[in-house]
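Hello,

Here is the structure I promised to pass on. Please open it alongside this email; my notes follow.

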Amino acid sequence: METPSTVTLRFAFEPPSAPGQFVMLWIPGDDELPMSLSYTEGRSKGVTIKAMGDTSRRVQSVRVGDPIGIRGPYGNGFDLRPRDILIVAGGSGAAVLAPAAERARAAGASVTVALGATTKRELLFADRFRSMGARVEVATDDGSEGERGFVTGLATRLVDQRSFDAVWTCGPEVMMRKVVDAASGKRVRVSCAVERHMKCALGMCDACALGPLHVCTDGPVFESDRLTAIPDFGRFHRDPSGRRVPF
Amino acid sequence: MADLVVRLAGLSLRNPFVLASGIWGESGDSLAGAWSAGAGAVVTKSIGTSARPGYANPTVETYDRWGLLNAMGLPNPGIDEYPREIEVARRAGATVIGSVFGGDAEEFARLASRMNETGVVAIELNLSCPHAEGFGTEVGSDPRNVEEIVRAVVREARVPVIAKITPNTADPAALAIAAERGGAAAVSAINTVRGLAIDVRLRRPVLAHGLGGLSGQAIKPVGLACIWQIYGKVSIPLIGIGGIASAEDALEYVMAGARAVEVGTAVAFDGVAVFGRLVNDLNGLLDRLGIARLEDAVGVAHRAVG
């Protein structure tokens with residue numbers, strides 16, 4: 001249990017994995033979901049899932065010893081070379097950003113985190129970010145910790161205040177589009193970890209199509225210049241039938 | 001440079017490598033991507049009368065590089081929504097073939113009349129999905145059904161109609177003959193071969209739907225045999241499908257009797273760049289074999305065995 005609505009599952013999974021990559025997590029008899037790895041080191045990997053709908057609640061109800069299936073890891077990871085990084089995490093976006101930040105810190109990079117949540121108790125991995133030596137700034141919708149408001153406002157101020165080598169962001173696509181817009185005109189590369197409905201994870205079925213890109217094989221981490229060229233980014237997603245649906 | 005142009009059912013394709021239905025074709029941008037990568041034409045996902053989410057995951061299982069088992073469950077946005085995707089692909093210059101699936105002749109015909117308005121150059125009928133209750137193979141394994149459906153569609157369609165038939169039958173030629181009798185302009189074969197995978201640790205089928213369809217290199221001999229058996233039994237052109245990942249694979253299909261081929265699973269394993277490679281390699285292969293025009297090779301293997 002990471003927050004009242006967020007749970008981490010740890011499982012034995014040998015293949016080497018990079019921060020940003022995802023696995024397909026199979027709950028037999030129920031569903032198989034794309035999940036970014038929140039723990040990428042060693043033999044025990046992990047995913048961190050927020051209760052959003054029925055399926056994520058059922059994933060949360062998996063108990064130690066329950067049979068699950070894992071395939072992957074799939075997709076690319078974050079470019080870990082930048083030395084001065086701003087991380088913008090909304091909702092459960094911190095799940096994929098935390099292992100990336102750990103890797104960057106271990107390599108000696110400076111990491112600043114803009115961490116957003118609805119309320120104090122829902123701040124994900126705040127302690128994990130602090131204990132790796134990152135500077136953590138918080139925004140909550142209700143003002144129960146840090147500044148009151150969305151993390152996009154906080155992020156906008158941080159990129160205005162000083163220059164970073166890179167911005168890494170994950171969260172709702174609408175939020176990420178705002179982060180990209182806030183950073184446009186600054187000389188900073190923005191990488192977004194995008195979440196889309198997925199089925200095959202092999203670049204075949206087209207379920208995760210985002211403009212000309214497939215999130216499963218071209219991503220899930222994209223440089224913002226590839227995304228801003230796509231009108232649908234932050235505006236339309238596709239439902240399981242492939243229908244375009246506004247966010 | 002050999003001549004790779006394919007003339008088929010009144011169409012002229014720049015090369016024989018057509019993106020198979022079900023791969024990439026849910027969105028117009030992806031169809032456009034396959035076209036820019038070099039495909040000779042692109043076939044859409046099979047479209048039905050209304051939006052359909054498809055089956056729950058897991059929907060795929062892979063076998064190294066030789067096979068892929070899937071039961072997507074015919075997900076598609078429905079014929080009301082889908083024309084905008086075709087439009088996106090056409091604006092990018094793509095030659096688009098519209099695939100449709102229905103439960104009976106009337107439903108197929110309704111879909112075909114809607115496809116007329118979208119600018120597709122042909123309509124391919126999915127008479128062969130092996131894992132969808134009430135659709136695909138269930139309606140397409142009886143020659144009488146095939147003839148009735150094709151006839152109803154041809155009456156509505158203002159573009160050539162291609163019948164995509166199933167290998168999950170004792171007599172594929174009978175299905176092709178029925179399609180020709182119904183007025184089809186071409187036959188494409190094969191769709192996936194019905195298959196199953198079981199997770200022994202979990203003691204259950206891997207795919208949420210249970211049964212699926214096998215594609216990829218494992219089924220190439222099956223597809224080749226179907227084309228072989230159909231060739232000569234009908235006078236309409238054939239399109240070969242099943243496990244094509246190299247120029248040699250494609251030429252095998254052509255020599256068995258196909259005029260064009262569809263490529264699907266190779267896109268999953270090798271990426272969409274496979275189209276450019278296939279075109280290049282086929283040029284080289286034909287040159288090496290002294291074949292000036294691909295069309296000259298259609299069905300030649302039959303001559304060897306009388």
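**Strands of chain A**

Start at the hairpin of E3(A) and E4(A): 4 residues lie between the strands, and A:Gly42 there has a positive phi near 75°. Keep in mind that this is a predicted model. Strand E3 covers residues 31-39 of chain A, and it pairs with E4(A) in the antiparallel sense over 2 bridges. A:Tyr39 has A:Gly46 in E4(A) as its bridge partner.

E4(A) also pairs with strand E1. E1 spans residues 6-12 of chain A and E4 spans residues 44-50. These two strands run antiparallel and are joined by 7 bridges.

**Confidence in chain A**

How far does the confidence go? The average pLDDT of chain A is 94, and 100% of the residues score at least 70. Helix H1 (residues 54-60) of chain A has the lowest confidence in the chain, at a mean of 79. Strand E10 (residues 166-170) of chain A has the highest, at 98.

**Where the chains meet**

The contact between the chains takes 21 residues from chain A and 31 residues from chain B. On the side of chain A that touches chain B, 11 residues are nonpolar, 5 are polar and 5 are charged.

**Helices of chain B**

Two helix pairs are worth a look, and H7(B) is in both.

First, H6 (residues 172-182) with H7 (residues 220-230). Their axes are 8 Å apart and the packing angle is about 55°. H6(B) and H7(B) are therefore oblique to each other. The crossing of H6(B) past H7(B) is right-handed. H6(B) brings B:Pro172, B:Ala173 and B:Ala176 to the contact, while H7(B) brings B:Cys226, B:Gln229 and B:Ile230. By class, that gives 5 nonpolar residues, 1 polar and no charged.

Next, H7(B) with H8 (residues 247-256). The axes come within 8 Å and cross at roughly 20°. That angle makes H7(B) roughly parallel to H8(B). H7(B) passes H8(B) in a right-handed crossing too. Which residues make the contact of H7(B) and H8(B)? From H7(B) they are B:Lys220, B:Leu224, B:Ile227 and B:Trp228. From H8(B) they are B:Asp249, B:Glu252, B:Tyr253 and B:Ala256. This contact has 5 nonpolar residues, no polar ones and 3 charged.

Best wishes

Definitions and conventions: Residues are numbered from 1 along each chain as its sequence is written. Chains are lettered from A and ligands numbered from 1 in the order in which they are written. This is a predicted model: local features need pLDDT of at least 70, side-chain atom pairs count only at pLDDT 80 or more; totals for chains, interfaces and linings use all residues. Two residues are in contact if their C-beta atoms, placed from the backbone, lie within 7 Å. Ala, Val, Leu, Ile, Met, Phe, Trp, Tyr, Cys and Pro count as nonpolar, Asp, Glu, Lys and Arg as charged, and the others, Gly among them, as polar. Axes are lines fitted to C-alpha atoms, for helices over the stretch in contact, and angles run from 0 to 180 degrees between N-to-C directions. Angles under 35 degrees count as roughly parallel, over 145 as roughly antiparallel, 65 to 115 as roughly perpendicular and the rest as oblique. A crossing is left-handed if the near helix is turned anticlockwise from the far one by less than a right angle, and right-handed if clockwise. Two strands pair if DSSP finds at least two bridges between them. pLDDT is the predictor's confidence in each residue, from 0 to 100.
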